[in-house]
Amino acid sequence: MSTATVRVRTPATSANLGPGFDALGLALSLHDEVEVTAEFGGPATPVEVTVDGEGAGSVPLDERHLVVRSLRTAFAELGEQPSALRLSCRNALPHGRGLGSSAAAIVAGVVAARALTGLTAHDDALAAADRIEGHPDNVAACLLGGLTVAWRDDAGAARATRVDVHPDVAPVVCVPSFEVSTEKARGLLPDTVPHADAAANAGRAALLVHALARRPDLLLDATADRLHQHYREPAMPETFALVTALRAEGLAAVVSGAGPTVLVLATGDQTGRVRALAGGWDVRALQVDTRGAVVEYATA
Ligand SMILES: Nc1ncnc2c1ncn2[C@@H]1O[C@H](COP(=O)(O)OP(=O)(O)OP(=O)(O)O)[C@@H](O)[C@H]1O
Ligand SMILES: N[C@@H](CCO)C(=O)O
(Lines give C-alpha, C1' and ligand atoms only; values in the text may rest on other atoms or scores of the structure.)
(Ligands and ions follow the chains in the order given, each with its own letter.)
Protein backbone atom coordinates (compact mmCIF):
# COMPACT_ATOMS: atom_id res chain seq x y z
CA MET A 1 0.00 0.00 0.00
CA SER A 2 1.22 3.57 -0.71
CA THR A 3 0.02 6.93 0.58
CA ALA A 4 0.49 10.41 -0.93
CA THR A 5 -0.67 13.89 0.07
CA VAL A 6 -1.00 17.04 -2.02
CA ARG A 7 -2.24 20.54 -1.33
CA VAL A 8 -3.67 22.56 -4.23
CA ARG A 9 -4.63 26.25 -4.29
CA THR A 10 -7.04 27.46 -6.96
CA PRO A 11 -8.12 31.04 -7.79
CA ALA A 12 -11.53 32.55 -8.36
CA THR A 13 -12.27 33.35 -11.98
CA SER A 14 -14.59 35.69 -13.82
CA ALA A 15 -15.70 34.35 -17.19
CA ASN A 16 -17.09 36.06 -20.29
CA LEU A 17 -15.93 39.58 -19.24
CA GLY A 18 -18.87 40.92 -21.26
CA PRO A 19 -18.54 39.88 -24.93
CA GLY A 20 -16.29 36.81 -24.57
CA PHE A 21 -18.99 34.25 -23.79
CA ASP A 22 -17.48 30.81 -22.99
CA ALA A 23 -14.07 32.05 -24.22
CA LEU A 24 -12.53 34.75 -22.01
CA GLY A 25 -11.61 34.28 -18.36
CA LEU A 26 -9.74 36.28 -15.74
CA ALA A 27 -8.18 34.78 -12.59
CA LEU A 28 -8.71 36.80 -9.40
CA SER A 29 -6.92 37.06 -6.05
CA LEU A 30 -9.36 35.00 -4.00
CA HIS A 31 -8.51 31.34 -3.40
CA ASP A 32 -9.72 27.94 -2.28
CA GLU A 33 -7.30 25.38 -0.85
CA VAL A 34 -7.71 21.64 -0.61
CA GLU A 35 -5.41 19.04 0.90
CA VAL A 36 -5.94 15.55 -0.49
CA THR A 37 -4.49 12.34 0.93
CA ALA A 38 -4.86 9.24 -1.23
CA GLU A 39 -4.06 5.63 -0.43
CA PHE A 40 -3.47 3.13 -3.20
CA GLY A 41 -3.70 -0.64 -2.95
CA GLY A 42 -5.36 -0.90 0.47
CA PRO A 43 -8.89 -1.90 1.45
CA ALA A 44 -11.59 0.37 -0.02
CA THR A 45 -12.93 2.83 2.58
CA PRO A 46 -15.54 5.64 2.39
CA VAL A 47 -14.25 9.07 1.39
CA GLU A 48 -13.69 11.55 4.25
CA VAL A 49 -14.29 15.30 3.62
CA THR A 50 -14.08 18.34 5.89
CA VAL A 51 -15.00 21.87 4.74
CA ASP A 52 -14.17 25.21 6.37
CA GLY A 53 -15.47 28.51 4.99
CA GLU A 54 -17.77 28.87 1.98
CA GLY A 55 -20.00 25.85 1.41
CA ALA A 56 -19.50 24.46 4.92
CA GLY A 57 -22.82 22.95 5.99
CA SER A 58 -24.27 22.96 2.47
CA VAL A 59 -22.00 20.95 0.17
CA PRO A 60 -22.24 17.15 0.48
CA LEU A 61 -19.39 15.45 2.35
CA ASP A 62 -19.43 12.20 0.37
CA GLU A 63 -18.86 11.00 -3.20
CA ARG A 64 -21.18 13.79 -4.44
CA HIS A 65 -18.71 16.51 -3.32
CA LEU A 66 -17.49 18.29 -6.46
CA VAL A 67 -13.76 17.96 -5.69
CA VAL A 68 -14.28 14.24 -4.98
CA ARG A 69 -16.22 13.81 -8.25
CA SER A 70 -13.45 15.58 -10.12
CA LEU A 71 -10.76 13.45 -8.43
CA ARG A 72 -12.68 10.26 -9.25
CA THR A 73 -13.14 11.25 -12.89
CA ALA A 74 -9.49 12.27 -13.23
CA PHE A 75 -8.20 9.09 -11.55
CA ALA A 76 -10.46 6.98 -13.79
CA GLU A 77 -9.04 8.70 -16.88
CA LEU A 78 -5.51 8.16 -15.52
CA GLY A 79 -6.27 4.45 -14.96
CA GLU A 80 -5.65 4.28 -11.21
CA GLN A 81 -8.34 4.73 -8.53
CA PRO A 82 -7.21 5.19 -4.88
CA SER A 83 -8.64 2.86 -2.24
CA ALA A 84 -9.01 5.71 0.26
CA LEU A 85 -9.40 9.49 -0.09
CA ARG A 86 -9.32 12.14 2.62
CA LEU A 87 -10.00 15.82 1.79
CA SER A 88 -9.62 18.94 3.89
CA CYS A 89 -11.12 22.01 2.12
CA ARG A 90 -10.65 25.67 3.04
CA ASN A 91 -12.95 27.70 0.82
CA ALA A 92 -12.97 31.47 0.25
CA LEU A 93 -14.92 31.48 -3.05
CA PRO A 94 -18.65 32.10 -2.65
CA HIS A 95 -20.76 29.47 -4.43
CA GLY A 96 -23.21 30.14 -7.24
CA ARG A 97 -22.18 33.80 -7.59
CA GLY A 98 -20.35 33.82 -10.94
CA LEU A 99 -16.85 33.68 -9.45
CA GLY A 100 -15.91 30.23 -10.72
CA SER A 101 -16.33 28.18 -7.55
CA SER A 102 -17.19 25.05 -9.52
CA ALA A 103 -14.19 25.55 -11.81
CA ALA A 104 -11.90 25.98 -8.79
CA ALA A 105 -13.22 22.74 -7.27
CA ILE A 106 -12.93 20.84 -10.56
CA VAL A 107 -9.42 22.12 -11.35
CA ALA A 108 -8.32 21.30 -7.79
CA GLY A 109 -9.46 17.70 -8.25
CA VAL A 110 -7.90 17.31 -11.69
CA VAL A 111 -4.57 18.86 -10.66
CA ALA A 112 -4.47 16.92 -7.37
CA ALA A 113 -5.10 13.59 -9.13
CA ARG A 114 -2.23 14.29 -11.53
CA ALA A 115 0.14 15.29 -8.72
CA LEU A 116 -0.85 12.23 -6.67
CA THR A 117 -0.07 9.90 -9.55
CA GLY A 118 3.29 11.54 -10.22
CA LEU A 119 2.33 13.36 -13.43
CA THR A 120 3.29 16.93 -14.13
CA ALA A 121 0.27 18.52 -12.53
CA HIS A 122 -0.94 20.51 -15.55
CA ASP A 123 -0.45 17.82 -18.25
CA ASP A 124 -3.74 17.67 -20.20
CA ALA A 125 -5.48 19.14 -17.15
CA LEU A 126 -7.37 21.78 -19.13
CA ALA A 127 -9.13 19.30 -21.40
CA ALA A 128 -9.89 17.04 -18.43
CA ALA A 129 -11.36 19.92 -16.39
CA ASP A 130 -13.39 21.16 -19.37
CA ARG A 131 -14.94 17.71 -19.83
CA ILE A 132 -16.29 17.96 -16.27
CA GLU A 133 -17.27 21.66 -16.23
CA GLY A 134 -18.80 21.72 -19.73
CA HIS A 135 -17.34 25.09 -20.79
CA PRO A 136 -13.63 25.97 -20.89
CA ASP A 137 -13.47 29.66 -19.91
CA ASN A 138 -13.37 29.43 -16.10
CA VAL A 139 -11.22 26.30 -15.91
CA ALA A 140 -8.67 27.80 -18.33
CA ALA A 141 -8.17 30.95 -16.24
CA CYS A 142 -8.21 28.93 -13.03
CA LEU A 143 -5.50 26.60 -14.28
CA LEU A 144 -3.26 29.14 -16.04
CA GLY A 145 -3.92 32.40 -14.16
CA GLY A 146 -4.14 35.86 -15.74
CA LEU A 147 -6.36 36.55 -18.74
CA THR A 148 -7.07 33.50 -20.87
CA VAL A 149 -8.66 32.93 -24.24
CA ALA A 150 -10.10 29.41 -24.44
CA TRP A 151 -11.49 27.42 -27.35
CA ARG A 152 -12.06 23.82 -28.39
CA ASP A 153 -10.01 22.30 -31.20
CA ASP A 154 -11.61 20.38 -34.07
CA ALA A 155 -11.53 17.18 -32.03
CA GLY A 156 -13.42 18.95 -29.22
CA ALA A 157 -10.52 19.21 -26.76
CA ALA A 158 -10.20 22.46 -24.82
CA ARG A 159 -7.23 24.67 -25.58
CA ALA A 160 -6.24 28.02 -24.07
CA THR A 161 -3.65 30.72 -24.31
CA ARG A 162 -2.68 33.29 -21.73
CA VAL A 163 -2.38 37.04 -22.18
CA ASP A 164 -0.62 39.37 -19.73
CA VAL A 165 -2.94 42.01 -18.28
CA HIS A 166 -2.00 45.71 -18.23
CA PRO A 167 -0.91 46.71 -14.68
CA ASP A 168 -3.48 49.53 -14.54
CA VAL A 169 -6.39 47.06 -14.66
CA ALA A 170 -7.84 46.68 -11.17
CA PRO A 171 -10.79 44.25 -10.92
CA VAL A 172 -13.55 45.11 -8.48
CA VAL A 173 -16.35 42.64 -7.75
CA CYS A 174 -19.78 43.42 -6.30
CA VAL A 175 -21.08 40.21 -4.75
CA PRO A 176 -24.76 39.92 -3.84
CA SER A 177 -26.10 37.74 -1.04
CA PHE A 178 -28.23 35.62 -3.39
CA GLU A 179 -27.10 32.77 -5.65
CA VAL A 180 -27.99 31.94 -9.26
CA SER A 181 -26.77 28.57 -10.50
CA THR A 182 -24.87 28.48 -13.77
CA GLU A 183 -27.22 25.74 -14.95
CA LYS A 184 -30.23 28.02 -14.49
CA ALA A 185 -28.48 31.00 -16.13
CA ARG A 186 -27.45 28.90 -19.15
CA GLY A 187 -31.03 27.66 -19.47
CA LEU A 188 -32.15 31.25 -20.21
CA LEU A 189 -30.02 31.53 -23.34
CA PRO A 190 -31.65 31.15 -26.79
CA ASP A 191 -30.51 28.49 -29.27
CA THR A 192 -29.90 31.10 -31.97
CA VAL A 193 -29.02 34.81 -31.94
CA PRO A 194 -29.27 37.52 -34.61
CA HIS A 195 -26.26 37.64 -36.92
CA ALA A 196 -25.79 41.34 -36.10
CA ASP A 197 -25.44 40.52 -32.40
CA ALA A 198 -22.88 37.79 -33.07
CA ALA A 199 -20.91 40.16 -35.30
CA ALA A 200 -21.01 42.93 -32.70
CA ASN A 201 -19.71 40.58 -30.02
CA ALA A 202 -16.90 39.26 -32.21
CA GLY A 203 -15.60 42.81 -32.64
CA ARG A 204 -15.91 43.73 -28.98
CA ALA A 205 -14.31 40.47 -27.78
CA ALA A 206 -11.31 41.05 -30.03
CA LEU A 207 -11.10 44.64 -28.81
CA LEU A 208 -11.35 43.48 -25.19
CA VAL A 209 -8.21 41.34 -25.40
CA HIS A 210 -6.33 44.35 -26.75
CA ALA A 211 -7.87 46.69 -24.15
CA LEU A 212 -6.97 44.42 -21.23
CA ALA A 213 -3.42 43.94 -22.47
CA ARG A 214 -2.53 47.33 -23.90
CA ARG A 215 -5.34 49.90 -23.91
CA PRO A 216 -7.34 50.00 -20.65
CA ASP A 217 -8.84 53.33 -21.82
CA LEU A 218 -10.94 51.27 -24.30
CA LEU A 219 -12.44 48.96 -21.66
CA LEU A 220 -15.89 50.55 -21.57
CA ASP A 221 -16.49 50.06 -25.31
CA ALA A 222 -14.72 46.70 -25.22
CA THR A 223 -17.00 45.18 -22.57
CA ALA A 224 -20.32 45.69 -24.39
CA ASP A 225 -22.22 42.41 -24.86
CA ARG A 226 -25.30 41.37 -26.87
CA LEU A 227 -25.06 37.58 -26.58
CA HIS A 228 -25.90 36.59 -23.02
CA GLN A 229 -26.29 39.29 -20.35
CA HIS A 230 -29.73 40.70 -21.22
CA TYR A 231 -31.18 37.19 -21.73
CA ARG A 232 -30.24 36.47 -18.11
CA GLU A 233 -31.80 39.63 -16.69
CA PRO A 234 -35.01 37.88 -15.47
CA ALA A 235 -32.94 35.69 -13.12
CA MET A 236 -30.95 38.65 -11.74
CA PRO A 237 -32.64 42.02 -12.33
CA GLU A 238 -30.58 43.65 -9.55
CA THR A 239 -27.38 42.62 -11.30
CA PHE A 240 -28.50 43.97 -14.65
CA ALA A 241 -29.58 47.25 -13.00
CA LEU A 242 -26.20 47.67 -11.29
CA VAL A 243 -24.28 46.91 -14.51
CA THR A 244 -26.39 49.52 -16.32
CA ALA A 245 -25.88 52.13 -13.58
CA LEU A 246 -22.11 51.59 -13.43
CA ARG A 247 -21.73 51.71 -17.22
CA ALA A 248 -23.73 54.95 -17.33
CA GLU A 249 -21.00 56.38 -15.09
CA GLY A 250 -18.29 55.26 -17.49
CA LEU A 251 -17.22 52.19 -15.48
CA ALA A 252 -16.54 48.97 -17.43
CA ALA A 253 -19.06 46.77 -15.61
CA VAL A 254 -20.21 43.32 -16.74
CA VAL A 255 -22.02 40.31 -15.35
CA SER A 256 -19.31 38.07 -13.86
CA GLY A 257 -19.57 34.61 -15.40
CA ALA A 258 -23.17 33.43 -15.26
CA GLY A 259 -23.88 36.01 -12.51
CA PRO A 260 -25.14 37.34 -10.22
CA THR A 261 -21.86 39.06 -9.21
CA VAL A 262 -20.96 42.25 -11.08
CA LEU A 263 -17.34 42.63 -12.23
CA VAL A 264 -15.90 46.06 -12.89
CA LEU A 265 -12.71 46.13 -14.95
CA ALA A 266 -11.61 49.30 -13.22
CA THR A 267 -8.50 51.32 -13.92
CA GLY A 268 -6.60 52.98 -11.12
CA ASP A 269 -8.65 53.43 -7.97
CA GLN A 270 -12.29 53.51 -9.02
CA THR A 271 -13.43 51.40 -6.05
CA GLY A 272 -14.96 54.39 -4.26
CA ARG A 273 -17.11 55.22 -7.29
CA VAL A 274 -18.22 51.57 -7.49
CA ARG A 275 -19.11 51.52 -3.78
CA ALA A 276 -21.17 54.70 -4.15
CA LEU A 277 -23.43 52.94 -6.70
CA ALA A 278 -23.42 49.47 -5.13
CA GLY A 279 -24.96 50.07 -1.71
CA GLY A 280 -25.89 46.73 -0.09
CA TRP A 281 -23.45 44.73 -2.23
CA ASP A 282 -20.24 43.19 -0.89
CA VAL A 283 -17.73 45.28 -2.88
CA ARG A 284 -14.21 43.83 -3.01
CA ALA A 285 -11.17 45.33 -4.73
CA LEU A 286 -9.13 42.39 -6.02
CA GLN A 287 -6.04 41.85 -8.14
CA VAL A 288 -5.43 39.70 -11.17
CA ASP A 289 -4.09 36.31 -10.03
CA THR A 290 -1.11 35.51 -12.23
CA ARG A 291 -0.24 32.04 -10.91
CA GLY A 292 -3.36 29.98 -11.56
CA ALA A 293 -3.64 26.57 -9.88
CA VAL A 294 -0.65 25.87 -7.67
CA VAL A 295 0.48 22.59 -6.12
CA GLU A 296 1.72 23.90 -2.77
CA TYR A 297 3.27 20.62 -1.80
CA ALA A 298 3.09 16.96 -2.68
CA THR A 299 4.49 14.05 -0.68
CA ALA A 300 4.67 10.52 -1.99
N1 LIG B 1 -15.34 24.07 -3.27
C2 LIG B 1 -16.44 23.36 -3.57
N3 LIG B 1 -16.68 22.17 -3.00
C4 LIG B 1 -17.78 21.47 -3.32
N5 LIG B 1 -18.72 21.87 -4.20
C6 LIG B 1 -18.54 23.04 -4.80
C7 LIG B 1 -17.39 23.85 -4.52
N8 LIG B 1 -17.49 24.94 -5.28
C9 LIG B 1 -18.63 24.85 -5.98
N10 LIG B 1 -19.27 23.71 -5.69
C11 LIG B 1 -20.54 23.26 -6.26
O12 LIG B 1 -20.79 24.04 -7.42
C13 LIG B 1 -21.98 24.83 -7.25
C14 LIG B 1 -21.79 26.20 -7.85
O15 LIG B 1 -21.49 26.05 -9.21
P16 LIG B 1 -22.06 27.06 -10.29
O17 LIG B 1 -21.42 26.65 -11.58
O18 LIG B 1 -23.55 27.08 -10.23
O19 LIG B 1 -21.56 28.48 -9.81
P20 LIG B 1 -20.14 29.14 -9.80
O21 LIG B 1 -19.12 28.17 -10.33
O22 LIG B 1 -19.89 29.66 -8.44
O23 LIG B 1 -20.35 30.35 -10.78
P24 LIG B 1 -19.87 30.56 -12.33
O25 LIG B 1 -19.79 29.22 -12.99
O26 LIG B 1 -20.94 31.41 -12.97
O27 LIG B 1 -18.59 31.29 -12.25
C28 LIG B 1 -22.19 24.89 -5.74
O29 LIG B 1 -23.54 25.07 -5.44
C30 LIG B 1 -21.68 23.53 -5.31
O31 LIG B 1 -22.65 22.54 -5.53
N1 LIG C 1 -19.44 31.05 -19.85
C2 LIG C 1 -20.15 30.54 -18.72
C3 LIG C 1 -19.48 30.99 -17.46
C4 LIG C 1 -20.08 30.46 -16.20
O5 LIG C 1 -19.27 30.92 -15.16
C6 LIG C 1 -21.58 31.08 -18.75
O7 LIG C 1 -21.74 32.27 -18.91
O8 LIG C 1 -22.51 30.27 -18.62
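This is a predicted model: local features need pLDDT of at least 70, side-chain atom pairs count only at pLDDT 80 or more; totals for chains, interfaces and linings use all residues.
Residues are numbered from 1 along each chain as its sequence is written, while chains are lettered from A and ligands numbered from 1 in the order in which they are written.

Let's look at the overall build. The protein chain has 9 helices and 11 strands; these are DSSP runs, with helices being H or I of at least four residues and strands being E of at least two, numbered from the N terminus. Its radius of gyration is 19 Å, close to the 19 Å from the globule rule for 300 residues, so the chain is as compact as a globular protein of that length. That radius is taken over C-alpha atoms, and the rule is 2.2 Å times the number of residues to the power 0.38.

Now, ligand 1. Which residues come nearest to ligand 1? Of the 24 around it, they are Ser101, Ser102, Thr182, Gly257 and Ala258, where "around" means a C-beta atom, placed from the backbone, within 6 Å. Helix H1 (66–78), strand S4 (84–91) and helix H2 (101–116) each give two or more residues to this shell, and H2 gives the most, with 4. And why does ligand 1 lie between two domains? Domain 1 (2–163 + 288–299) and domain 2 (169–285) both give residues to its shell, so it lies between them. Those bounds come from an automatic or database domain assignment.

On to ligand 2, with 14 residues around it; Ala15, Asp22, Thr182, Gly257 and Ala258 come nearest. Helix H5 gives the most to this shell, with 3 residues. At least three residues come from each of domain 1 and domain 2.

Last stop, helix H3, residues 125–133. Its buried residues include Ala125, Leu126 and Asp130. The buried part packs against H1, H2, H4 and strand S6 (158–163), with a contact being two C-beta atoms, placed from the backbone, within 7 Å.

Definitions and conventions: A residue is buried if 20 or more other C-beta atoms lie within 10 Å of its own, exposed if 12 or fewer, and partly exposed in between; C-beta atoms are placed from the backbone.
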